[in-house]
Amino acid sequence: MRVVLDLLQCCLPCFLIIRLTHNICGECDRSRCPAAPPGCPAGLVRDRCGCCEHCGNAEGQWCDFNSSQEFYGRCGDLLHCQKRPSQARFQWGDPEPRCVCESQGAVCGSDGQTYPNLCQLREASNQLGTTVNLTARGPCSSAPRISRAPRNSQSYTGHDIVFGCEVTAYPLPRVGWKKKGRDSFLPGDDPHISARGGPQPYTVSTWLQIHGLRKLDAGIYVCISHNALGEASASAHLVTLTLLYEMGPSKKTSSFAAL
């Protein structure tokens, strides 16, 4: 018998030997199982033999597509192991399968946060060590929140500048720009100022661009957003710089002035 085993080890690839060994499940004695780690993002799963518990693989992690083997591990709660579609396999070869959430679509948690899907809500709950329950399918209703505020800027006259602003809310808010001291929204009828933007899932991004900066453009610009639940705003200061050329008796010097 010993000779046969030695022959198998010499002739079979290592992965076959490992598979033969792992295919044997003895009697389950949970008293010998290692302690399950706390705070597993995707919850606990049992090993291939259905005995000991360990952390399940989270969304996006590699997984064992064939349940008879154990290499990458098993997917956690509300997840299943899925191979990449055939088109992607053609482009990228044959990548390893990954854990995919069985329930797609945004959900609202009891903490007032919107999560991309139910699996990520469960992960946040497990990692925080608190209970976050599902309160609604779809995003949480909320007043606007400035997730990316415009930044202070300075530039020379004649140059172009861009202010950016990003607002998160549901229902999607209306977003606009004003210059402090003026009541009308920009750009108005000013051809050298333009505003653009577009919605993403539960987020509105907007940009204000000033073409050919002038002295009078200096000031404070405000990104304003509102929906039925409230409003929010954020501002940025624009400083215009002008080059001043001074001719001396024997040399030419340059400096700038802030306006």
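Trainee: Before we start, what does partly exposed mean here?
Mentor: Buried means under 20% relative accessible area, exposed means over 50%, and partly exposed is in between. Keep in mind that this is a predicted model.

Trainee: Thanks! So is Tyr 72 buried, partly exposed or exposed?
Mentor: Tyr 72 has a relative accessible area of 28%, so it counts as partly exposed. Trp 62 is also partly exposed, at 39% relative accessibility.

Trainee: What do Trp 62 and Tyr 72 form?
Mentor: They form an aromatic pair with an edge-to-face arrangement. The centres are 5.3 Å apart, and the angle between the planes is 65°.

Trainee: And where do Trp 62 and Tyr 72 lie?
Mentor: Both are in the loop between β2 (53–55) and β3 (79–82), so the pair ties together parts that are 10 residues apart in sequence.

Trainee: How many aromatic pairs does the structure hold?
Mentor: There are 5 aromatic pairs in the structure.

Trainee: New topic: what volume does the largest pocket have?
Mentor: The largest pocket has a volume of about 290 Å³. It is lined by 17 residues, and the closest to its centre are Gln 113, Thr 114, Ser 142, Arg 145 and Thr 168.

Trainee: Which strands each supply at least two residues of that lining?
Mentor: Those are β6 (114–117), β8 (142–148) and β10 (161–170). By class, the lining has 10 nonpolar, 6 polar and 1 charged residues.

Trainee: Now Cys 223. Is that residue buried or exposed?
Mentor: Cys 223 is buried, because its relative accessible area is 0%, under the 20% cut-off. You'll find Cys 223 in strand β14 (residues 219–227).

Trainee: What is Cys 223 in contact with?
Mentor: Leaving aside neighbours within four places in sequence, its contacts include Pro 150, Cys 165, Val 167 and Trp 177. Trp 177 is 46 residues away along the chain, yet the two C-alpha atoms are separated by 4.8 Å.

Trainee: Last one: what about Ser 155, buried or exposed?
Mentor: Ser 155 is buried, at 12% relative accessibility, and belongs to strand β9 (residues 153–156). Not counting residues up to four places away in sequence, Ser 155 touches Ile 161, Leu 213, Val 239, Thr 240 and Leu 241.

Methods. Residues are numbered from 1 along each chain as its sequence is written. This is a predicted model: local features need pLDDT of at least 70, side-chain atom pairs count only at pLDDT 80 or more; totals for chains, interfaces and linings use all residues. Side-chain values use heavy atoms; hydrogens and water are left out. Helices (H or I, at least four residues) and strands (E, at least two) are DSSP runs, numbered from the N terminus. Buried means under 20% relative accessible area, exposed over 50%, partly exposed in between (1.4 Å probe, protein chains only). Contact means heavy atoms within 4.5 Å. On a 1 Å grid over the protein atoms alone, a cavity is a set of points where a 1.4 Å probe fits but cannot get out, and a pocket is an open set with protein on both sides within 12 Å along at least five of seven lines; lining residues have an atom within 4 Å of a point. Grid points are joined across faces, edges and corners, and a volume is the space filled by probe spheres set on the points. Ala, Val, Leu, Ile, Met, Phe, Trp, Tyr, Cys and Pro count as nonpolar, Asp, Glu, Lys and Arg as charged, and the others, Gly among them, as polar. Rings of Phe, Tyr and Trp (its six-membered ring) pair if their centres lie within 6.5 Å; planes under 30 degrees apart count as stacked, over 60 as edge-to-face and the rest as tilted.
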